[in-house]
Amino acid sequence: MSEAAQTRKGDLTKGPLVKNLISFTIPFLLSNVLQTLYGTVDTLTVGNFASTAGVSAVATGAQALSLLTFLTIGLSAGSTVLLGQRIGAGDHEDAARIVGNTIIDFGVLSVLMTVLMLILYPTILRLLNLPEEAMDEARRYMIICSLGIPMIIGYNIVCALLRSAGDSKSPLLFVGVACVVNIVGDLVLTGIFKMGAAGVAIATVGAQTVSFVYSLIFIMKKGMGFPFSKKDIRFNKTTTGQIFKVGIPMGLQSILIHLSFMFITAIINSMGLTASAAMGIGDKIIGFAFMPQSAFSASSSVIVAQCVGARNLKRAKKSVSVAILLCLAVEVGIFIVCQIWPMAMPSLFTRDPEVLELAGQYMKAYSYDCILTVIIFCWGGLLNGAGKTTFNMTQNLISTFLGRIPLTFILSGLPGVNLFILGLAAPLSSLMSVVMLGWFILTGRWSRGLYIDDLPADKAEEA
């Protein structure tokens, strides 16, 4: 492929914005759906073909390993933001350097994470209060998955880099391959050979490995959209510092927010089995409802990064405004359904009238958050694409740890409290995020210091 052809590929700084945004976001959204189904298949398979201990082992082990995935995706934001900005600036030599440095950085990180997980997994399982009956199954699951960490990280990094280069369709293909391999592996190893949680773990690691290898072959044949070769794979201290300066806040944010949801689950679990089941169903539905804003946020982040590199801040801001409008068109529909027929979606998961009633209350309150998080996610995409990840992390943690968790705890202690009242903790804390993000963006602080020539002389020298 010629350099001129590669230059045109994945360039999101030009062309019809609405068309670009939609065509880039749809594969992103489908990838999120497949990844969610991917995890659901593991639970369904072990639930139908293995013991209760196996179900507990997979559920707990997957929860622990999901922290690793969130951390990797968060840290990779440093590479994707820098790569997007270099592509937007037309600096393909620097873009290749960032990709090469990312390969080394996350290669080393994957080995360190593997060693740490193999050492720490017994402690993690104890902290999660795993029942003793499930401990043997969980140990096997954690050991196998820990050994596959380099493949899991490699797969996620390749997908992140391709999306940052403007290609969201290829990662969808890789996710599809992983999903098919995982389903077949689950059915064969757990369904036929009765390997329990270990079979699910082997299928998961095998699927990620096949997908990772396939993605590498794909890149070798199709390219990254700009010239890249083995000579670009070298360590650069400055580039590594830039990558983690942007990525660490995102990684910490992902982990801490994931932990916060575990705290909230514990609070509502104390209200009894019915409330726990209702919240579990509600959170599962909300997880799907949040997929559009998550996809639009990620897409906006890529477009903003490229536009920042191209010094086209007007298009960067406009892309986020368009993303908000498109996403609201979906979420307003979900909000209306939840307000008029609050038990419609929960009825797909249970027929217990008490659980349905409580789940309906939870959905009716939480649906307000579906509207507010459109603004939060898309504005967050603007900040992430501009490299302002520290402020984005700060406002998220403030609204979560000074808003949602305390509100949930306080509301749970009110006499006669129900899940509608508890569900209001989410939109109330989201209002805090909207105010903080609005102040930062509307006052223009998001665009300050994006370029060295925007900084005072002393700061420019430090940069």
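Figure 1. D11 is partly exposed, with a relative accessible area of 27%, whereas K14 is exposed at 57%. Here buried means under 20% relative accessible area, exposed over 50%, and partly exposed in between, computed with a 1.4 Å probe on protein chains only. The side chains of D11 and K14 meet in a salt bridge, with 3.3 Å from N to O. A salt bridge is a side-chain nitrogen of Lys or Arg within 4 Å of a carboxyl oxygen of Asp or Glu. Side chains of opposite charge can pair when their charged atoms come close. By this rule, the count comes to 7 salt bridges.

The model is predicted: local features need pLDDT of at least 70, and side-chain atom pairs count only at pLDDT 80 or more, while totals for chains, interfaces and linings use all residues. Residues are numbered from 1 along each chain as its sequence is written, and side-chain values use heavy atoms, leaving out hydrogens and water.

Figure 2. R86, D91, D94 and R97 are linked in a network of salt bridges. Within it, the side chains of D91 and R86 meet at 3.6 Å, N to O. D91 is partly exposed, with a relative accessible area of 29%, and R86 is partly exposed at 25%. Another salt bridge joins the side chains of E137 and R140, at 3.7 Å from N to O. These two residues, E137 and R140, are 3 residues apart in helix α5 (residues 135-147), and are therefore separated by about one helical turn. Helices are DSSP runs of H or I with at least four residues, numbered from the N terminus. An α-helix has 3.6 residues a turn, so residues three or four places apart point the same way. E137 is buried, with a relative accessible area of 13%, whereas R140 is partly exposed at 41%.

Figure 3. Helix α11 comprises 19 residues (residues 291-309) and, at 1.5 Å a residue, should span 27 Å; its end C-alpha atoms are 27 Å apart, which agrees. The expected span is 1.5 Å times one less than the number of residues in the helix. Because 17 of its 19 residues are buried, α11 is largely enclosed by the rest of the structure. The helix is followed by R311, whose phi is positive, near 60°. The structure holds 0 disulfides, a disulfide being a pair of cysteine sulfur atoms within 2.5 Å. C307 is buried at 0% relative accessibility, and its sulfur is 15 Å from the closest cysteine sulfur, in C378, too far for a bond. C179 is also buried, at 8%; its sulfur is 13 Å from the closest cysteine sulfur, in C159, again too far for a bond.

Figure 4. S367 is placed in helix α13 (residues 353-385) and is buried, with a relative accessible area of 0%. Not counting residues up to four places away in sequence, S367 touches F335, C338 and Q339, contact meaning heavy atoms within 4.5 Å. The structure holds 11 aromatic pairs. The ring centres of F335 and Y368 are 5.1 Å apart with their planes at 70°, so this pair is edge-to-face. F335 lies in helix α12 (residues 313-340) and Y368 in helix α13, so the pair ties together parts 33 residues apart in sequence. Rings of Phe, Tyr and Trp (its six-membered ring) pair if their centres lie within 6.5 Å; planes under 30 degrees apart count as stacked, over 60 as edge-to-face and the rest as tilted.
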